[in-house]
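Morning, everyone. I'll talk through side-chain contacts.

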Amino acid sequence: MFSAAARVAAKPPTGPKSGKAAPHFPSIHQLFTHTAPELAEPARPPDLSRVVRLLEDPVSSSLRDRHISVLKKVAKRCQSGFLLRDLVHVFMILNVCAERAKEHPEYASILCDLLHICRLPFLKEKASDEVNYASVVTDSLSQMGYLMRVSDSKVREQICTSIISLYSTDKSKPCEDGLCPASLGYRQELVERSGVAETLVMALGLMENQLPAKLQVLRALQVLSSSSAVNCGLMLKAEGAQKVCFHMNEPDQSGQVLFRSSEILWNLLENGSREEVTSQLSNMDCIMVLKEAFLHQLLNGYRHYDQQLRNDLLVIITLIAENPSAPLIESGFAKQLILFVTFPELKSHNPLIRNLKLSFTSEDFEMKKLLLNLLVVLSRDLSAVQLFKESRVMLALMLLVRPSSSDKRPSGKGRRSWTSVQQEELQLHALATLATVAPLMLDEYLSCQANTCLLMLLEWCTQQDSYFGQGHGFHGAGGQGGKKAQMRYCVRLLRSMVSLSNSLINQDLCDQGALSQLLGLLRHFQEREEGGDAVCVEIQTDVLLTLSALCEEDMHRKELFGAEGVEMVIHYLKMNPAQLYSGLGHNRLFLSTVDCVWSCIVGCYTTEDLFLEKEGAFLLLDFLQLSPRSMKSVLLGTLLELCDNHKTLVHVEAWRGEKDLTAPALLLQLWRQEEAELGVKRDQQGRIADVKKPILSRYQEEEPLVSVAANRPSAAVMDVSENLRSKIYCLFCRIGFEDLRGLTAEDYITLSIVSRYLDFKTGEVWSEVSAELELEGVRPITPDAEALSTIAQTSEDTARHVCSLQQSILDQQKQEDLEEEKLAYKEISLNRKQQELTAKSWQHHVAKTSDYKILRESKLLQERSIESSRPREKSDGFIFHSTHIPGLQTTNFFSRVLTIESTPAALTGGPLANTDLALERVPIEGGALRKVAPSNAELELPNTVTVK
């Protein structure tokens with residue numbers, strides 16, 4: 001890579017002249033001078049270009065001792081590190097030494113000395129040197145990796161040591177002579193760019209009999225892959241995972257090869273592409289190597305270090321097992337691993353199990369959990385299920401999940417076993433594993449009487465005893481201080497089994513009283529009010545889903561669900577809608593409750609009547625109004641099924657929501673929201689905007705037309721099940737389209753579309769059929785073409801008729817608004833006229849008091865009015881007395897009772913204030929009217945003037 005011209009400095013001869021030309025000898029200039037200590041100047045870096053010329057000069061090629069001497073001086077002068085600007089010459093020197101080390105081993109020691117200096121950070125003279133010499137440093141580090149071609153073991157070890165030091169050690173010292181070391185981040189970045197990790201992986205195959213060098217290479221690869229995704233990618237590019245695995249079991253008394261190899265694989269899995277690593281390890285050779293290493297550590301390892309390494313290998317094997325192409329079963333390794341899962345719960349005559357002894361340490365406990373996790377991974381391959389059956393995995397897991405109080409195995413003297421904390425965690429882990437494995441082995445599940453065991457465990461979970469859960473580990477979350485974690489995974493397992501709809505399993509559960517036990521569990525939560533945390537909410541959700549799966553399509557079980565079940569469901573339907581957004585799982589709890597209504601109540605008239613008596617239909621409608629859009633489909637479906645009972649229609653019609661909203665108005669509001677979400681074309685008043693596409697959504701219109709198979713639903717048919725419109729239409733078919741209360745003009749416009757939904761959808765399907773025929777180039781026969789044309793025309797006519805009906809609704813609404821406006825104006829006018837009359841009457845009253853003429857006119861008018869009211873004919877024999885009082889100067893009618901318009905009677909109690917018929921008075925402090933007892937002063941004045 002590097003090149004330089006070899007030049008030789010020659011001196012003229014100094015001897016006497018002669019006719020014969022004197023021979024010319026190369027003159028080697030002294031490169032270093034020695035000065036006295038007291039006269040020493042600051043050491044300067046050597047001129048490495050002259051050293052390169054010396055080494056490459058063909059004339060000086062035989063001066064090997066001189067070369068070695070000069071190189072030793074270079075190594076001595078550069079003990080602080082190499083300059084960035086000198087790296088070109090440094091690695092030219094290193095390459096020359098590497099080539100000559102093949103024939104002259106003494107160059108190998110010099111090469112080691114120079115490589116030893118390379119472990120130090122490169123020095124920079126200026127801050128810009130890092131940027132200016134970046135490409136040079138990258139090429140130099142690449143050359144360092146290529147020096148692994150030197151067969152000398154010490155050289156290879158030194159190369160790896162220098163790379164490790166450069167990449168991971170920051171030996172920055174204070175600047176000397178203006179030189180500063182390159183930063184650690186700079187060195188790491190350039191090591192990644194150089195690709196030295198890939199070179200080291202390829203160099204593994206060159207060290208068959210050099211164990212120390214191989215260990216150093218593995219150590220270097222471990223360091224490079226510890227935190228760099230770039231290095232991991234380069235190593236995987238060179239198939240590093242596979243090559244490292246191949247060398248894993250090579251003879252090594254120290255065990256470092258296996259340890260370093262496993263650490264490298266760990267780093268590649270963490271920082272590299274996990275899929276690529278597992279793909280490289282998913283071959284028979286790697287599986288056999290891992291199998292040999294794991295079995296050796298399992299059967300022969302006794303130290304804590306050996307047990308940790310064994311567990312690390314098991315994790316790597318588990319990750320490999322996630323790759324479907326990994327030949328774990330074909331290699332026989334899977335069968336052995338499954339056998340280890342059942343130990344020590346089951347005894348076996350297999351030699352591997354007979355020689356296996358567990359010390360029940362924390363590392364053995366971790367291995368047991370890893371093996372249980374491996375079962376879940378292997379269960380994805382159905383061919384592994386047969387191995388589960390042969391190894392009696394189901395029985396071993398059921399022995400682990402037994403309640404602690406039922407564990408009555410004899411404990412001999414000195415017998416060791418899991419601690420109570422470990423036993424609890426294994427119990428939870430086994431339950432979680434069964435939730436995945438048990439549905440694959442139904443016969444074994446029934447033969448082990450697993451339903452009985454689980455129901456007993458569930459009963460134990462609800463008992464009050466001295467058991468105190470530790471809540472350790474992943475599966476113990478939320479179970480500290482009780483049995484909540486066991487209850488959680490037990491109910492989850494029951495839900496997994498009943499969801500299979502296996503008649504034998506479900507019938508066995510019901511025969512053992514599972515329905516009443518599960519309802520009792522829900523009652524347990526309601527009585528204790530423990531449903532606040534996420535674990536409790538999850539348990540209740542799983543119980544409701546289990547009840548739904550058991551009671552679905554079985555009338556007898558619905559009757560067993562009974563009044564107690566209805567009470568539980570009503571309790572959950574009364575949930576605060578704000579809890580749906582709590583993040584604790586209340587949304588799933590509510591959906592499972594609605595599913596329980598659909599599966600356990602709907603279809604059985606006894607439970608339906610109980611549900612309606614408890615106002616269940618009202619609660620469903622309340623949630624329909626307040627719930628998010630994702631839940632409305634389930635609610636509408638449940639209401640639709642419930643409407644088969646004619647009593648439900650009465651409840652639907654009687655329901656009132658917020659702002660006195662009726663059920664039909666709510667359904668029409670949901671229809672408009674759904675069409676806005678689907679992008680259906682409507683004008684500002686909600687009328688049909690396109691008579692050819694009255695209900696077509698934007699998504700259907702934008703989707704390209706393709707020809708689908710006859711057994712596949714088209715886009716128009718799929719639209720029926722993908723939104724709420726079909727359910728709303730069916731509900732209106734039950735409720736009716738006429739005589740609906742609480743609807744506005746906008747609602748009636750929407751209702752006109754809803755009532756024709758089926759006609760529009762039929763026309764849409766036929767239009768789609770016509771388009772597909774045209775796309776496929778098929779011309780219908782004349783009668784079929786006429787029929788298609790008639791259907792399309794009928795659909796358009798229906799849409800036009802609906803448009804005209806909507807227009808008439810709008811016109812009628814405008815007329816009603818106009819009439820209401822006229823009535824409002826008339827009322828305003830009457831109020832105004834009354835105010836004018838009142839003002840005029842007051843003005844006249846004031847005028848009478850200030851103008852005598854007006855007073856006389858009023859008096860005359862009063863007398864005339866009195867006279868006109870008297871009978872004109874006088875019967876004979878009767879005496880008529882005059883009621884006229886002469887000299888009266890008033891124009892008002894009066895009597896002997898004087899009424900003073902001052903204090904309101906409501907405050908004084910009126911003329912009957914001191915009697916039992918006293919008026920109710922308004923209390924001064926406010927509130928309702930109340931009777932006030934009279935005071936002594938009032939009792940002394942019985943002839944109090946009446947105040948109005």
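One definition before we start: buried means under 20% relative accessible area, exposed means over 50%, and partly exposed is in between, with a 1.4 Å probe and protein chains only. This is a predicted model, so local features need pLDDT of at least 70, side-chain atom pairs count only at pLDDT 80 or more, and totals for chains, interfaces and linings use all residues. Residues are numbered from 1 along each chain as its sequence is written, and side-chain values use heavy atoms, with hydrogens and water left out.

Salt bridges, then. The rule is a side-chain nitrogen of Lys or Arg within 4 Å of a carboxyl oxygen of Asp or Glu. That gives 38 salt bridges.

Take Glu567 and Lys614. Their side chains meet in a salt bridge at 2.8 Å, N to O. This pair links distant parts of the chain, 47 residues apart: Glu567 is in helix H29, residues 555-573, and Lys614 is in the loop between H31 and H32. Helices here are DSSP runs of H or I, at least four residues, numbered from the N terminus. Buried or exposed, or in between: where does Lys614 fall? Lys614 counts as partly exposed, at 38% relative accessibility. Glu567 is partly exposed too, at 39%.

Next, Arg672 and Asp747. They form a salt bridge at 3.0 Å, N to O. Arg672 sits in helix H35 and Asp747 in helix H39, residues 745-754; the two are 75 residues apart. Arg672 is partly exposed at 24%. Asp747 is buried at 4%. There is also a network: salt bridges with shared partners join Glu675, Arg682, Asp719, Arg725, Lys761 and Glu764.

One more bridge. Glu99 pairs with Lys102, with the closest N and O atoms 3.6 Å apart. Glu99 is partly exposed at 42%, while Lys102 is exposed at 62%.

Now the rings. Phe, Tyr and Trp rings (for Trp, the six-membered ring) pair if their centres lie within 6.5 Å; planes under 30 degrees apart are stacked, over 60 edge-to-face, and the rest tilted. The count is ten aromatic pairs.

Phe259 and Tyr305 make a tilted one, 6.0 Å centre to centre with 50° between the planes. Phe259 lies in helix H13 (residues 256-271) and Tyr305 in helix H16 (residues 304-321), so the pair ties together parts 46 residues apart in sequence.

Why is the pair of Phe360 and Trp418 edge-to-face? Because the planes are at 80°, with the centres 4.7 Å apart. Phe360 is buried at 17%, and Trp418 is buried at 10%.

There is a cluster as well: Trp671, Tyr729, Phe732, Phe737 and Tyr757 form one aromatic cluster.

Charges over rings come next. The test is NZ of Lys or CZ of Arg within 6 Å of the ring centre and within 35 degrees of the ring normal. Lys483 lies over the face of Trp460, 4.5 Å from the ring centre. Arg698 lies over the face of Tyr699, at 4.9 Å.

Last, helix H34, residues 646-654. Its buried residues are Thr648, His651 and Val652. They cover an arc of only 100° around the axis, which puts them on the same side of H34. That arc is taken from the directions from the helix axis to the C-beta atoms. The face turned away carries the exposed residues His646 and Val650. Questions, please.
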